[in-house]
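Let's take a walk through this structure together. Have the sequence and the 3D view open as you read.

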Amino acid sequence: MQNRDQSGEQAMHERYRLIAKATNDAVWDWDLVTNYVLWNEALMHAYGYTAETITPTGDWWIAQIHPVDQARVDASIHTVIHSEETAWSEEYRFRRGDGTYAEVLDRGQVIRNSSGQAIRVIGAMLDLTQMRIAANALRRSEERFRTILETVEAGFAIVQVKFDSQDRPVDYRFDEINPAFEKQAGVNLQGKWVTEYAPDLEPFWFEIYGKVAMTGEPASFESYAEAFARWFDVRAVRVGDPADRQIAVIFNDVTERRNAQERLRASEALARDNVERVQLALSAGAIIGTWHWDLATDHFSIDDGFVNAFGLPPGISRHDLPLVEVVKTVHPDDSAGLMNAIDEAILRGGAYAHQYRVRRADGKYYWIEANGRVEHSAEGVPLRFPGVLLDVEERRAVEAERDRALAALRALNDTLEQRVAERTDELMQSEDKLRQSQKMEAVGQLTGGLAHDFNNLLAGISGALELMSRRINQGRTDEIGKYILSAQGAAQRAASLTHRLLAFSRRQTLDPRAIDVNTLIASMVELIRHAVGPGILVKTVGADNLWTTLVDAGQLESSLLNICLNARDAMPDGGRIVIETSNKHLEGLTAQAAEIPPGEYLALTVTDSGVGMTPDILAKAFEPFFTTKPIGQGTGLGLSMIYGFAKQSGGQVRIESEVDQGTTISIYLPRHHGPAAKVGQQLKNAPVNFSKSGETILIVDDEPTVRMLLREALGDQGYTLIEAADSVAGLKLLRSDINIDLLITDVGLPGGLNGRQMADAGLENRPGLKVLFITGYAEASVLGKDDLGACMQVLTKPFAIDALSARVQHLLFSDPADRGSVLQTPPIS
């Protein structure tokens, strides 16, 4: 058994000896018990030691370590020896036989006995010096290469070419790029496929890069990339394993050079064209001579035409004339001006043109024009002055004749101004007469329409009254009712006509309230459908979140109904009406086209599918009494009333129409910032009640018949009535001690105060006095647009007796905090 162990150990030692002999590493075996170290031959070969210079102890090994590293290495290996670890490794500097140091990586394995005590350490020392030198050289090489790539002006990229299943190149990716890449290409494509940036890139680029990647044949070319809008000078070579299909691309943006070449070619072509034109001009006689002046040497090069034009001696030199010789034949009067023009052109550079006279061989002076161009260097130094001569003698003669004609014309013009002034006065007088005639024509149309309609209405009223008088005298009172109805109907139509005229003139008395137009339309739809008939489809399109507007709801209802009735008349065979609302921001040209101030508006639009209007009818649509209906079927005030109502409300009306395409009428009303008021019921003709306690009413009106009407109507109801015919008498009563519960007054009064002023003065002595204004017409400035005081209301003339009674009762017995309003009078019955 012992023999087998010994033989096994000998075999192991033999293998260790052979391995130590074969390796280039310095292998060592340190017996910790005896401190004996056995080295292999590599210590002598690799580190230059001889057997005589080696002391086979651990102390000798430690002594060869660089002094800076000794303590660290000694502590490191003894830490492993005295611990339970078995592996040790360290890098340090080991002294060679010649005294230099090698950088080594030393590794050892600790062998312990059965009790765990370290008895041997076997290790191998690897020389890292050459590896470190090579690594440093590689690093420096890579740093130089990276520096070159990062600083070189040329773009550089490592490109991965992508092929499809048929091995056709279809894309390529930029795996690595240098900083110049982005500058040259104008975009950073690091890590991106080119089709991500340029999906329509020319196939040429895929084909040529694919060929380089597949064959390894380098490619050099210039090409234009539409996606990059640049010209590139490109060099492509394959790199790495051919199977990777990678190429290196070096390129430069040569767009500017190509553009410069194109400009040069264009310039050369232009120069050739200019030379040809000059030759043609010389042949045709338009140019009579040419010159080239070298400014640095003051040498003129001239042709025969120049010699003849300046009257120079025939034998004079054509190539080295100084300026002083050239200008000898210039007219003395023109010489100073010529020199000034030349000096100015040389100083600034660029185009030159000047006319002057020269003496030719016959001794006469002729006008010529010199055209040239002074060329400067990049530093601004004048270099060359080429040019041509033109014969302008005939032109100057024509200009002289023209100057004489102009002088004569100016002489004539001195008296012409007076004649023009006289004619202008005549034209202005004619224009004034024309404008006056047009005004009279418009007034005639208006008054004619008024006279026609009012005469018809007055005939009905006066005739009915006369027949009532006759029937009463005849005792035939049972027939009076129909005459009363006829007179009342005519009076109602007369009132409606007056209201329409006031609306057109923007002078009607309005009751503006904040309203929701969508709600107003919804309340009218059934009425509109009934009015236009079953053959016409009525559709409403209300905008969401529609703005409110401050407007008279009754007038807006009347306007909408009027538009729908006009649309009905335009669709005799049936059709469609669309009523639509929207919010509009009108600014700039849009507002200007609509003839409305810029701002926010609510638009109410009515569109029909009717016959439309011709341009001449469309131009007159808003004129009063203009109508396309037969006589007796319309006053022609409908659209004019809508126009006046919209303008008085701060808005506008626009019409768009084409024949057989229908008509669209849009009412624009200013936006009101605030919620819509609650829609209340209009005051109805309530049943007449008698006075509760004989309330006293003061009536102030300058019209006796109105006072009589009020006295009769209200007296029957038990009220105590006091009358005054003007504002002076009315105010005196208001300032007296007489009990007055209600003031009824006209707005327009004689006596120096209007009705509103009188009422305000009376309120100073009678706070809380209730006031009813009755008026046929009142300026907004008198009543105020929307600032009627508490317990103030307005009743427009003419009015029904029941409406008057209802309004008086409402005022006398309502809450004093009620806000004033305008009562739009219901139809007189």
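## Charges over rings

Start with Lys162, which lies over the face of Trp193, 5.5 Å from the ring centre. For a charge to sit over a ring, NZ of Lys or CZ of Arg has to be within 6 Å of the ring centre and within 35 degrees of the ring normal. Arg258 gives another case: its charged end sits over the ring of Trp231, 3.5 Å from the centre.

Some ground rules before we go on. This is a predicted model, so local features need pLDDT of at least 70 and side-chain atom pairs count only at pLDDT 80 or more, while totals for chains, interfaces and linings use all residues. Residues are numbered from 1 along each chain as its sequence is written, and side-chain values use heavy atoms, with hydrogens and water left out.

## Rings that pair up

Rings of Phe, Tyr and Trp (for Trp, the six-membered ring) pair if their centres lie within 6.5 Å; planes under 30 degrees apart count as stacked, over 60 as edge-to-face, and the rest as tilted. How many aromatic pairs does this rule give? The count comes to 27. Take Trp30 and Trp61: their ring centres are 5.8 Å apart and their planes are at 65°, so this pair is edge-to-face. Trp30 lies in strand β1 (residues 26-31) and Trp61 in helix α3 (residues 58-63), so the pair ties together parts that are 31 residues apart in sequence. Helices (H or I, at least four residues) and strands (E, at least two) are DSSP runs, numbered from the N terminus.

Trp61 also forms an edge-to-face pair with Trp88, at 6.2 Å centre to centre and 90° between the planes. Trp88 is in strand β3 (residues 87-95) and Trp61 in helix α3, so this pair ties together parts that are 27 residues apart in sequence.

Asp29 is buried, with a relative accessible area of 10%, whereas Asp31 is partly exposed at 25%. The side chains of Asp29 and Arg120 are joined by a polar contact of 2.3 Å. A polar contact is a pair of N or O atoms within 3.5 Å; within protein, one must be able to donate a hydrogen and the other to accept it, and residues adjacent in sequence count only if both atoms are side-chain atoms.

What does Asp31 touch? Not counting residues up to four places away in sequence, Asp31 touches Tyr36, Ile119 and Arg120, where contact means heavy atoms within 4.5 Å. A polar atom of the Asp31 side chain lies 2.9 Å from the backbone nitrogen of Val33 and 3.4 Å from that of Thr34.

## Nonpolar cores

A nonpolar core is a set of buried Ala, Val, Leu, Ile, Met, Phe, Trp, Tyr and Cys residues joined through side-chain atoms within 4.5 Å. The largest one here has 36 residues, and Ile528, Leu556 and Ile667 are among those with the most contacts inside it. Its largest share, seven residues, comes from α15.

Definitions and conventions. Buried means under 20% relative accessible area, exposed over 50%, partly exposed in between (1.4 Å probe, protein chains only).
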